[in-house]
Amino acid sequence: MSDKIKKSQYNLDTDNLKKLELYIDGLEEKEGSLINVLHEAQDIFGYLPEDLQLFISRKLNIAAAKVFGVVTFYSFFTMKPRGKHLINVCLGTACFVKGADKILNEFKVQLNIKENNSTEDGLFTIDTLRCVGACGLAPVVIVDGKVYGRFKVEDVEKVIKEYSQV
Ligand code: FES
């Protein structure tokens, strides 16, 4: 941990902070690496809370407002902790006309959470996407990066069961 930035300043896991600091210190060019650093930080911590953004802004010497702007601009960055399994329902036009909203709703009902939220047991997070380029398979649901095409409302229960066990 560097002298200038003390770990006690941040309400974050110290080991994870060290990992991230090592990654940042190994970068040749710091200021142009914000997106990569945010990806790495999200991989390590699972999400990008405010304290972590502050740490990154100080390490990279970039204004905190700019870091916050980037985090909120890109949908793949999240400021909320995510569940073990991420369920993404595509709400692009092709998927929407084939009933993606009903699928999303069924996930929300069965998991008893709102969109962009996680279940209390930390197992699932539901989120939405806008067209993932697989319109021929509409409606599309992606779970932990695995694409499920021609998804039906009846598949919701199966998917939840399957991922509850892994
Ligand atoms: S609209 Fe869903 S994959 Fe294109």
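Predicted model: local features only at pLDDT ≥ 70, side-chain atom pairs only at ≥ 80, totals over all residues.
Student: At what angle do α1 and α2 pack?

Tutor: Helix α1 (residues 14–25) packs on α2 at an angle of about 155°, with the axes 10 Å apart, where axes are lines fitted to C-alpha atoms, for helices over the stretch in contact, and angles run from 0 to 180 degrees between N-to-C directions. That makes α1 roughly antiparallel to α2, since angles over 145 degrees count as roughly antiparallel, under 35 as roughly parallel, 65 to 115 as roughly perpendicular and the rest as oblique.

Student: Left- or right-handed, that crossing of α1 and α2?

Tutor: The crossing of α1 and α2 is right-handed, a term used if the near helix is turned clockwise from the far one by less than a right angle, with anticlockwise giving left-handed. The contact joins Asn 16, Lys 19, Leu 20, Tyr 23 and Ile 24 of α1 to Val 37, Glu 40, Ala 41, Ile 44 and Phe 45 of α2, contact being C-beta atoms, placed from the backbone, within 7 Å. By class these residues are 7 nonpolar, 1 polar and 2 charged, where Ala, Val, Leu, Ile, Met, Phe, Trp, Tyr, Cys and Pro count as nonpolar, Asp, Glu, Lys and Arg as charged, and the others, Gly among them, as polar.

Student: How do α2 and α4 cross?

Tutor: The axes of α2 and helix α4 (residues 64–73) come within 11 Å and cross at roughly 65°, and the two helices are therefore roughly perpendicular to each other. Leu 34, Ile 35 and Leu 38 of α2 meet Val 67, Val 70 and Val 71 of α4, a contact with 6 nonpolar, no polar and no charged residues.

Student: Switching topic, where do the domains lie in the chain?

Tutor: The assignment gives domain 1 (7–73) and domain 2 (85–164), with bounds from an automatic or database domain assignment. Their C-alpha centres lie 29 Å apart.

Student: What about α6 and α7, at what angle do they pack?

Tutor: Helix α6 (residues 100–111) and helix α7 (residues 155–164) pack at about 50°, with their axes 9 Å apart, and that makes α6 oblique to α7. In α6, Ile 103, Glu 106, Phe 107, Gln 110 and Leu 111 meet Val 156, Glu 157 and Ile 160 of α7.

Student: Which peptide bond is cis?

Tutor: The bond from Ala 138 to Pro 139 is cis, with omega near -5°, and Pro 139 is in the loop between β3 (124–129) and β4 (141–143). Asn 116, a residue other than glycine, has a positive phi near 65° and is found in the loop between α6 and β2 (117–118).

Note on methods
Residues numbered from 1 in each chain as written. Helix = DSSP H or I, 4+ residues; strand = E, 2+ residues; numbered from the N terminus. Contact = placed C-beta atoms within 7 Å.
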